[in-house]
Number of protein chains: 2
Amino acid sequence: MPPLDMLSATLGPAACLRAEEDIAPYAVDWRGVYHGRPVAVLRPADTAQVGEALRLCAAQGLAVVPAGGRTSLCGAVVPGADGPPSVVLSLERMNRLRDVDALDNSLVAEAGCTVEAVQNAATEAGRFFPLHFGAQGSAMIGGALSTNAGGIRTLRYGNARDLVLGLEVVLADGRVLDDLRRVRKDNSGYALRHLFIGAEGTLGVITAASLKLFPRLVTRETALVAVRSPHEALRLLARCQESGADLVAFELIRKVCIDITLKHGTNIRQPMDLSTDWYCLIEAASTHAAIPVREALEGALMAGLEAGEAEDVVLCESEAQRQNLWNIRETFPTCSRMEGPGLPTDTSVPVSRIPDFLDRSAALIAANWPEGRMVALGHMGDGNIHLSLQAPAGMTHAEWHARAPDFEDRVGEIAVELGGSFSAEHGIGQSKRGAMAALKSPVALDLMRAIKNVLDPEGLMNPGKVLP
Amino acid sequence: MPPLDMLSATLGPAACLRAEEDIAPYAVDWRGVYHGRPVAVLRPADTAQVGEALRLCAAQGLAVVPAGGRTSLCGAVVPGADGPPSVVLSLERMNRLRDVDALDNSLVAEAGCTVEAVQNAATEAGRFFPLHFGAQGSAMIGGALSTNAGGIRTLRYGNARDLVLGLEVVLADGRVLDDLRRVRKDNSGYALRHLFIGAEGTLGVITAASLKLFPRLVTRETALVAVRSPHEALRLLARCQESGADLVAFELIRKVCIDITLKHGTNIRQPMDLSTDWYCLIEAASTHAAIPVREALEGALMAGLEAGEAEDVVLCESEAQRQNLWNIRETFPTCSRMEGPGLPTDTSVPVSRIPDFLDRSAALIAANWPEGRMVALGHMGDGNIHLSLQAPAGMTHAEWHARAPDFEDRVGEIAVELGGSFSAEHGIGQSKRGAMAALKSPVALDLMRAIKNVLDPEGLMNPGKVLP
């Protein structure tokens, strides 16, 4: 029987899409940059079917590209253009919440639950699931774990990796690694789950996860603070961390980003006088109304004004005002595309090196591409600034990329020289394999290849991703 | 040249102890249970020397047992009695703090720094390093990471693993994996460091780590609460977690433990009327004086009294009173040895299953060893209860162990049946390899062996530990 007929017969026709028009949505990535040619899309209904699918694919020599909400920004979830015959294995039908335990502060979700669905389930149980990023309504938890998603709350709750208590993973040969426990201490051998988290499906398929929940946040206070430079922002961050106002976000935003959002966004109001070049969007929250979050944050910001760290402060008085600030932050990616082409990056450095990182990046741009604008915003609290080089008016993306083909790599180099990473929260996928080859230590690459070889000896799991 | 002469010539005589009396302290474990016969003790001064040592040992076929403060409770840091010729590789001379960066909330310490030295360095920088356990004055950070140490603050700050930003590791062949970055987001390939954390030196030698620091805790409030049973304790825990009083410890203590400590301890005062069988030792803390920790904790405990979760509450009024409570908790292990032999365990279950776990363990004991006393205290907030079966008066350890040889394994089975782990925070070492074989999933063991084989193909790194 031909391989696809066998998959279809075993999994059922609903779990094996073969028609061109059914496959088409899975053949292109979120940003429309990467195109692949999957021979079929498998949509297993449960873990056993994932095991069957992987066994059959292994037997037939078919490569497998695991996919969730397919919001990857680095081409991780479509087959490579020149890769081997591949199926996309979509976890979208595995979207059950297997368990919610408020007393245990844990929840067990299948890979196909959206991040937002997990957040909502936590809320219904009177708890809080902190993972939060722009694509959360589409992104699925399996993909969020496979890319170790970050977002704005990393400074308080860590990355996706840190929210996991246990995993269920189907291996390349179809066996199930059932490590779906909900324990907070477990020293029984090697920490296998951490291999699969962030591996972008190249070592196996995450089918379910047990996740940590937290006490609900019942009060929150949000402020926008004008600062002279990232140096002052760094000192203000330390002051806020010491203030007792538990921070859930500390974002750094360059003025140009606010300008662009005011120009292209809808219903965005200018939040304050924009007389400095840099702004901090700060949010603090607490788990109980008796905690004086507002007083603590206000006290820190007033002291920051006095110390010359802050130039001007707006502490939100209403939810509408707060929403306006977050709209500026979260609609910026869309608005920047309306402004024109940009060359984005996703790097991290030690938090204390952010000012150096921005100074050196600005110097790099001034020396090489003075016609471009340095757009910078991101997660100051965890060292992850999204720097982008915005094209001058009238230029196409192709022209701009041809003008600065090595911009992303050179910013990555600066980050690595400052003790950081050329890939912070988006992953490697197809787009950063060159940077992996150039910037990752040969010893680390050697170990990664050896581990890949152990877990996927035939090289069928998401080939052409992560490893150079 | 004979192997030891070559090691001595290369590393220098100070780094290669060969005299019987110099080796003796390294030949026996902390509890005096495990005895090995190392042929030498290597004490390298820096990472390059560790690399040299491992290269030479690999070339000579000498096994290597990495050691720090040697406080392992499971025989992880002495050679196995019937193992191959081995050297102990002590990291004790590598005790430099390479970097402290308060603005970055990070610190880089070599493996031979004691946990307490790291705590002190953090305090000097105006920050806080939360890892905290009984042996912290002797235990070294390399060992604490190699066993993924837990302790009492896991409920707020996680385990040792969660405190790591980056590692430096010397591999079995002497190569250095330099991943000593201080970034909080890094998605550049597989998370190699998590393999070495908790691997007990079987995959390589951790030589340095970059560690997370936190804001200092400036206020803390401590309470002892009498509860009818662990069921009430569980509900009280949830109430405290929702109270806004940020918990740093929530310990569960059975009355018999307090009795034993009052009997054998020095300067221990009875903390309250001991009319119930179970007690919760609760500590909350905050990073700023303006946070009303005392009011929040007191409010939760008073509400707990009203709801019938708590029977009686003592909220400490002085540091002396607080110290008395922690003395009861922390001198119990010593006092219990004075009381007589016990059979200890180290298991974890989901927090919400602790009452079931204790009920089932009590039933196991009643049915099989009714003459023994169930001693139970531990970290309720993270699911890790240290249950022990205390011998009747007059019995030797050998007699008691012969009477209940499978006690530890059967408690481990209960934990696993409840979705927990037979090894929570002490690790596997030599003592729990049988449990690994019996209770760990064959798929997980298979992957662990394959990974071991990749990283240590000659099987020279701490042989006879962790893997069955």
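Does Pro468(A) count as buried, partly exposed or exposed? Please bear in mind throughout that this is a predicted model. The relative accessibility of Pro468(A) is 30%. Buried would require under 20% and exposed over 50%, so Pro468(A) counts as partly exposed.

As to its setting, Pro468(A) belongs to the segment that follows α16 (442-455) of chain A. Leaving aside residues up to four places away in sequence, Pro468(A) is in contact with Arg433(A), Met436(A), Ala437(A), Leu445(A) and Arg449(A). As a reference for distance, Trp278(A) lies 190 residues away along the chain, and its C-alpha atom is 37 Å from that of Pro468(A).

The helix α16(A) also leads us to the other chain. It lies across β8 (164-171) and β9 of chain B, and runs at about 105° to β9(B). These strands belong to an open sheet of five, ordered β5-β6-β10-β8-β9 in chain B, with antiparallel pairing. Which strands stand at the edges of this sheet? They are β5 (97-101) and β9 (176-179) of chain B; each has a single partner strand, so one side of each is left without a neighbour in the sheet. From one strand to the next, the twist averages 15°. Within the sheet, β6 (residues 106-110) and β10 (residues 204-212) of chain B are paired in the antiparallel sense over five bridges. Glu110(B), for instance, has Ala208(B) in β10(B) as its bridge partner.

Chain B contains a further open sheet, of four strands in the order β1-β2-β4-β3, and here the pairing is mixed. Its edge strands, β1 (16-17) and β3 (63-67) of chain B, each pair on one side only. A parallel pair is found between β3(B) and β4 (residues 86-90) of chain B, joined by five bridges; Val64(B) has Val87(B) in β4(B) as its bridge partner. Helix α3 (residues 47-60) of chain B lies across β2 (40-42), β3 and β4 of that chain, at about 170° to β4(B).

Let me turn next to strand β17 (residues 373-379) of chain B. How many of its seven residues are buried? Six are, so the strand is mostly covered, taking buried as under 20% relative accessible area. β17(B) pairs in the antiparallel sense with β13 (residues 247-254) of chain B over two bridges, and Leu377(B) is the bridge partner of Ile253(B). β17(B) is also antiparallel to β18 (residues 384-390) of chain B, with seven bridges between them. In that pairing, His379(B) stands opposite Asn384(B). The two strands form a hairpin with four residues between them, and Gly383(B) in the turn has a positive phi of about 85°.

Finally, I return to chain A for a pair of helices. The axes of α1 (residues 3-11) and α3 (residues 47-60) of chain A come within 10 Å and cross at roughly 165°. Angles over 145 degrees count as roughly antiparallel, and α1(A) and α3(A) are therefore roughly antiparallel to each other. The crossing is right-handed. On the α1(A) side the contact involves Pro3(A), Met6(A), Leu7(A), Thr10(A) and Leu11(A); these meet residues of α3(A) including Ala53(A), Leu56(A) and Cys57(A). By class, this contact has seven nonpolar, three polar and one charged residues.

Notes:
Residues numbered from 1 in each chain as written. Chains lettered and ligands numbered in written order. Predicted model: local features only at pLDDT ≥ 70, side-chain atom pairs only at ≥ 80, totals over all residues. Heavy atoms only, no water. Buried < 20%, exposed > 50% of the residue type's maximum accessible area, 1.4 Å probe, protein only. Contact = heavy atoms within 4.5 Å. Pairing = 2+ DSSP bridges. Axes fitted to C-alpha atoms, helices over the stretch in contact; angles between N-to-C directions. Parallel < 35°, antiparallel > 145°, perpendicular 65-115°, else oblique. Left-handed = near helix turned anticlockwise from the far one by under 90°. Nonpolar A, V, L, I, M, F, W, Y, C, P; charged D, E, K, R; others polar.
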